Amino acid sequence: VLRPHIIFLEAQALEVLGRNRAAAQKFESIQTAGILAKTVRTSTARAWFAAGDCGRGGYTTEILRTHHPRHPDLPKLLYQKTRCEEAESRFAESILNYHKIWTRYPLDPAALAAEKRLTYLRKKGFQSPQSSTRELLTRAMALQKARKIDEALKTWQALKIRNLSNSVRLSAGFYMGLNSYFLRRNREAAEYLRWTASNGRGGRWAPKALYYLARTHLRRGNSKDFQKVGDELSRDYPRNGWARQFLYLQARVIEDNGHLE
């Protein structure tokens with residue numbers, strides 16, 4: 001039972017000493033089953049790349065992707081594999097794989113590194129593939145959930161010009177407005193939020209869009225439009241939680257103005 005763990009510790013020691021090839025071989029000798037499986041495959045790939053063996057490093061990375069597609073170290077290893085492909089002048093393959101890293105793992109530092117390589121290769125005259133609508137939507141939602149506001153906004157803007165279903169178009173419009181609001185781009189925020197509220201009337205996005213539109217007007221010091229949008233929200237969606245949120249915000253504004261009664 002302990003033998004795989006002892007071999008693993010020995011391999012780690014070799015890796016720390018800079019003996020990466022020996023470490024990779026030692027990692028590889030461990031039976032990849034049980035609780036060590038993910039860690040062994042990751043360590044093996046890392047050690048082979050450090051030893052300069054792109055072939056075996058890439059092979060082990062693909063095994064890791066097959067068996068553990070959500071492993072947090074996978075994007076970094078895929079990036080290393082792709083750098084090897086680029087170094088071997090396999091440009092078409094490397095561009096495609098950089099693009100996959102950029103779209104599928106937007107929250108990992110490997111995505112930013114992949115984007116830089118794509119930019120470099122485009123300057124060299126190589127063309128990168130166009131992201132599909134599904135890829136952009138997956139990237140946008142991941143960035144949005146992680147509150148990567150600036151990057152999310154750019155991705156939603158890239159989506160907006162596509163031929164989208166009405167529900168996705170409304171989602172894009174709302175998030176462009178919300179992110180513009182967070183970035184204090186008040187004019188853009190007002191335009192996107194008004195578009196969403198008008199085109200999505202009766203749907204899920206309209207009440208939230210109206211609430212943030214009211215806040216945008218408040219931030220701009222436009223009390224008349226703040227009240228007008230709030231009245232629209234309260235009238236058209238009286239039972240919605242965002243209507244209640246507006247009433248609370250309105251009460252706070254009145255309180256701040258000294259009208260305590």
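**Entry 1**

The model I am reading is a predicted one. My search of the whole structure returned 1 disulfide. The pair connects distant parts of the chain, 30 residues apart: Cys54 belongs to helix H4 (residues 54–67) and Cys84 to helix H5 (residues 74–87). I then examined the torsion about the S-S bond of Cys54 and Cys84; it is about -65°, so I recorded the disulfide as left-handed.

**Entry 2: exposure of the two cysteines**

Is Cys84 buried or exposed? I found 11% relative accessibility for Cys84, so I noted this residue as buried. Cys54 has 24% relative accessibility and therefore counts as partly exposed.

**Entry 3: the largest pocket**

I next turned to pockets. The largest pocket holds about 230 Å³ of space. Its lining includes Trp102, Glu115, Gln130, Leu136, Arg139, Glu151 and Lys154. Which helices each supply at least two residues of this lining? I noted helix H8 (133–145) and helix H9 (149–160). H9 gives the largest share, 4 residues. By class, I recorded 5 charged, 4 nonpolar and 3 polar residues in the lining of the largest pocket.

**Entry 4: the second largest pocket**

For the second largest pocket I noted a volume of about 160 Å³. The residues that line this pocket are Pro69, Arg70, His71, Pro72, Pro75 and Tyr105. I recorded 4 of the lining residues of the second largest pocket as nonpolar, with 1 polar and 1 charged.

Definitions and conventions
Residues are numbered from 1 along each chain as its sequence is written. This is a predicted model: local features need pLDDT of at least 70, side-chain atom pairs count only at pLDDT 80 or more; totals for chains, interfaces and linings use all residues. Side-chain values use heavy atoms; hydrogens and water are left out. A disulfide is a pair of cysteine sulfur atoms within 2.5 Å. Buried means under 20% relative accessible area, exposed over 50%, partly exposed in between (1.4 Å probe, protein chains only). On a 1 Å grid over the protein atoms alone, a cavity is a set of points where a 1.4 Å probe fits but cannot get out, and a pocket is an open set with protein on both sides within 12 Å along at least five of seven lines; lining residues have an atom within 4 Å of a point. Grid points are joined across faces, edges and corners, and a volume is the space filled by probe spheres set on the points. Ala, Val, Leu, Ile, Met, Phe, Trp, Tyr, Cys and Pro count as nonpolar, Asp, Glu, Lys and Arg as charged, and the others, Gly among them, as polar.
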